[in-house]
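Please walk through the structure shown below, with attention to its ring pairs, its nonpolar cores and its sheets.

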Amino acid sequence: MTSATSTDSNSALPAMGLDATPDEAYNASENIVRVRGVKRTYYIGENPVHALRGIDLDIKRGEFMAIMGPSGSGKSTLFNMVGGLDKPTSGTVFIDEVDIAQLDPGELAWLRCRKIGYIFQTFNLIPVMTALENVTLPMIFAGASLEEQMEKGRRLLELVGLGHRLHNKPGQLSGGQQQRVAIARALANDPAIILADEPTGNLDQKVGEEIIMMLKRLNKESGVTVITATHDDKMYKRSDRVAIVIDGEIQAVIPPDLLGDNTVDGFLQQMKDDKEAAEAAAITATNETIVASS
Amino acid sequence: MATMSPTRVERQISLPFNQAFKIALRNITIRLGRAMITGAGTMLGIAFLMSVFASKLVLQAKGVQLEPAQIQKSNWLVAMSLLVCFVGITNSMLMSVTERYKEIGTFKCLGALDKFIINLFLIESALLGFFGSLVGAIIGLLFVWLTNLSVTGTLDWVSALLNLLACVAVGTFLSVAAAIPPAMRAAKMQAVDAMRTEV
Ligand SMILES: Nc1ncnc2c1ncn2[C@@H]1O[C@H](COP(=O)(O)OP(=O)(O)OP(=O)(O)O)[C@@H](O)[C@H]1O
Ligand SMILES: [Mg+2]
């Protein structure tokens with residue numbers, strides 16, 4: 001019942017490969033992330049948990065992509081795959097046309113360091129380090145000089161409005177401020193992609209919206225691709241496309257205005273209703289043909 | 001393999017040792033209380049070791065000939081103290097790694113290589129081991145000396161100093177050795193697993 005629902009813009013391309021048409025090849029270069037047939041099964045003892053059941057998804061360079069879905073639907077699992085933090089049970093993730101499963105640990109570390117900026121629901125700042133030190137940490141890993149680190153660290157913290165809090169530890173900052181430090185840290189090595197897994201999950205409405213606006217602004221101004229998971233209905237309005245994940249499958253990839261003022265739940269209900277209506281229509285149709293042919 | 005990965009992905013550089021050293025030092029100074037407890041284990045073990053050595057010197061200074069049985073007993077004590085030291089340090093390092101799973105996961109997300117994580121923990125424990133055993137050895141020597149002030153003139157101070165240095169070396173070495181298994185474990189952990197672990 002759920003199988004054939006991958007829709008419109010996320011065209012279910014045949015697994016890109018040997019016989020890619022020129023058209024597909026062009027599409028491919030435009031897509032910074034391509035996810036093909038990704039499955040992830042966890043085992044709890046002997047029992048398999050199918051967190052992802054075969055995901056196909058293309059994300060364009062410079063796009064602001066929201067991934068929505070109820071709790072436990074597999075959003076974080078998908079993020080871990082795209083971010084190279086975990087390997088799919090089967091299927092492939094391409095970042096800039098590189099199959100990340102083929103990378104050795106050194107290359108993977110480079111990818112995490114330079115290509116991808118991570119933002120987490122729980123901020124994940126290093127508690128013993130100041131805001132500035134947190135932001136410069138990825139630059140240390142990238143081998144930047146001390147002057148570069150300090151100059152850029154300051155600039156990034158100013159960019160997120162924390163120029164006056166350089167030397168505060170995370171414990172001395174509010175949740176929203178901590179998340180802004182995390183955003184600055186994610187930007188440290190000018191990544192091509194920002195992966196934000198429920199960045200507003202631990203923040204109240206107003207602060208959450210500030211964070212969303214900030215991500216949106218960065219996306220507009222620097223062209224960084226933003227992929228964000230959320231079950232916050234505020235987030236999708238700012239995004240270019242919304243992917244709806246239910247139970248480890250992508251149900252639909254739609255522009256946000258198609259959701260209108262609907263919540264995701266409302267949209268899903270509507271989708272279900274439409275489908276039932278369609279099925280009912282199909283049944284009537286077959287009945288009619290049966291009647292007609294007899 | 002190398003030919004398959006396109007040129008756009010490079011390999012992460014390993015960090016210079018001094019960066020790992022700086023971060024490790026900060027970890028210690030910032031969690032000083034925690035570090036003191038870890039260091040205290042080493043300190044006590046080494047203080048005991050040193051006092052065994054110093055007692056021998058004191059007996060020598062007093063002109064007492066040690067019997068084989070006594071020598072055997074003191075060797076036994078030395079072995080015990082080293083064992084206690086080793087177990088204590090392994091335990092504290094394991095705890096300190098477990099406490100920091102999430103931090104390790106974050107480090108990995110930001111591009112840290114396994115080697116860097118290992119270096120971080122080994123440097124940390126080397127520093128703790130060095131200072132812990134230095135303090136321990138001094139305490140051990142002072143204790144024996146202060147309880148035997150009469151031998152001050154005849155004590156072989158050169159040997160005492162050499163023993164002290166040996167104790168510091170042993171303590172530092174033991175600390176590093178004890179930290180290897182937990183450090184390896186920390187480094188080998190998948191970033192996701194490390195971050196998911198709530199302690
Ligand atoms: N390490 C794991 N071991 C076993 N099962 C797991 C593991 N991680 C995730 N799962 C399972 O996989 C499914 C998807 O989890 P995931 O964390 O991706 O959901 P999510 O969409 O991010 O949810 P939320 O919105 O609550 O963050 C869930 O059923 C979860 O129980
Ligand atoms: Mg999640």
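Over all chains the count comes to 7 aromatic pairs, where rings of Phe, Tyr and Trp (its six-membered ring) pair if their centres lie within 6.5 Å, and planes under 30 degrees apart count as stacked, over 60 as edge-to-face and the rest as tilted. One of these joins A:Phe141 and B:Phe107, an edge-to-face pair with 5.9 Å from centre to centre and 65° between the planes. It crosses between chains, from helix α4 of chain A, which holds A:Phe141, to helix α4 of chain B, which holds B:Phe107. Helices (H or I, at least four residues) and strands (E, at least two) are DSSP runs, numbered from the N terminus. The ring centres of A:Phe141 and B:Phe116 are 5.1 Å apart and their planes stand at 85°, so this pair is edge-to-face as well. It too crosses between chains, with B:Phe116 in helix α5 of chain B.

The model is predicted: local features need pLDDT of at least 70, side-chain atom pairs count only at pLDDT 80 or more, and totals for chains, interfaces and linings use all residues. Residues are numbered from 1 along each chain as its sequence is written, chains are lettered from A and ligands numbered from 1 in the order in which they are written, and side-chain values use heavy atoms, with hydrogens and water left out.

What does A:Phe141 touch, not counting residues up to four places away in sequence? The contacts (heavy atoms within 4.5 Å) are A:Cys113 in its own chain and B:Gln12, B:Ile13, B:Leu15, B:Phe107, B:Leu110, B:Gly111, B:Ala112 and B:Phe116 in chain B.

A nonpolar core is a set of buried Ala, Val, Leu, Ile, Met, Phe, Trp, Tyr and Cys residues joined through side-chain atoms within 4.5 Å. The largest such core has 57 residues, of which A:Leu137, A:Phe141, B:Phe107, B:Phe116, B:Ile117 and B:Phe121 touch the most other members. The elements giving two or more residues to this core are α4 (131-141) of chain A and, from chain B, α1 (17-30), α2 (32-61), α3 (68-99), α4 (101-109), α5 (114-147) and α6 (157-188). The largest share, 12 residues, comes from α5(B). Apart from this core lies another, of 39 residues, including A:Leu57, A:Val93, A:Leu108 and A:Trp110. In soluble globular proteins, nonpolar side chains tend to be buried together.

Chain A also contains sheets. In one of them, 4 strands form an open sheet in the order β2-β1-β4-β5, with antiparallel pairing; two strands pair if DSSP finds at least two bridges between them. β2 (47-60) and β5 (98-99) of chain A stand at the edges with a single partner strand each, so one side of each is left without a neighbour in the sheet. Helix α2 (residues 75-82) of chain A packs on this sheet, touching β1, β2 and β4 of chain A, and its direction makes about 120° with that of β1(A). Such axes are lines fitted to C-alpha atoms, for helices over the stretch in contact, and angles run from 0 to 180 degrees between N-to-C directions. In α2(A), 7 of the 8 residues are buried, so the helix is largely enclosed by the rest of the structure. Just after α2(A), A:Gly84 takes a positive phi of about 70°.

Within the sheet, β1(A) and β2(A) pair over 11 bridges, and 5 bridges join β1 (residues 31-44) to β4 (residues 90-95) of chain A. A:Val33 stands opposite A:Ile59 in β2(A), while in β4(A) its bridge partner is A:Ile95. The hairpin of β1(A) and β2(A) has 2 residues between the strands, and there A:Gly45 takes a positive phi near 65°.

Another open sheet has 6 strands in the order β6-β7-β8-β3-β9-β10 (chain A), with mixed pairing. Its neighbouring strands are turned by 15° against each other on average, direction ignored. β9 (residues 241-246) of chain A and β10(A) pair in the antiparallel sense over 5 bridges.

Note on methods: Buried < 20%, exposed > 50% of the residue type's maximum accessible area, 1.4 Å probe, protein only.
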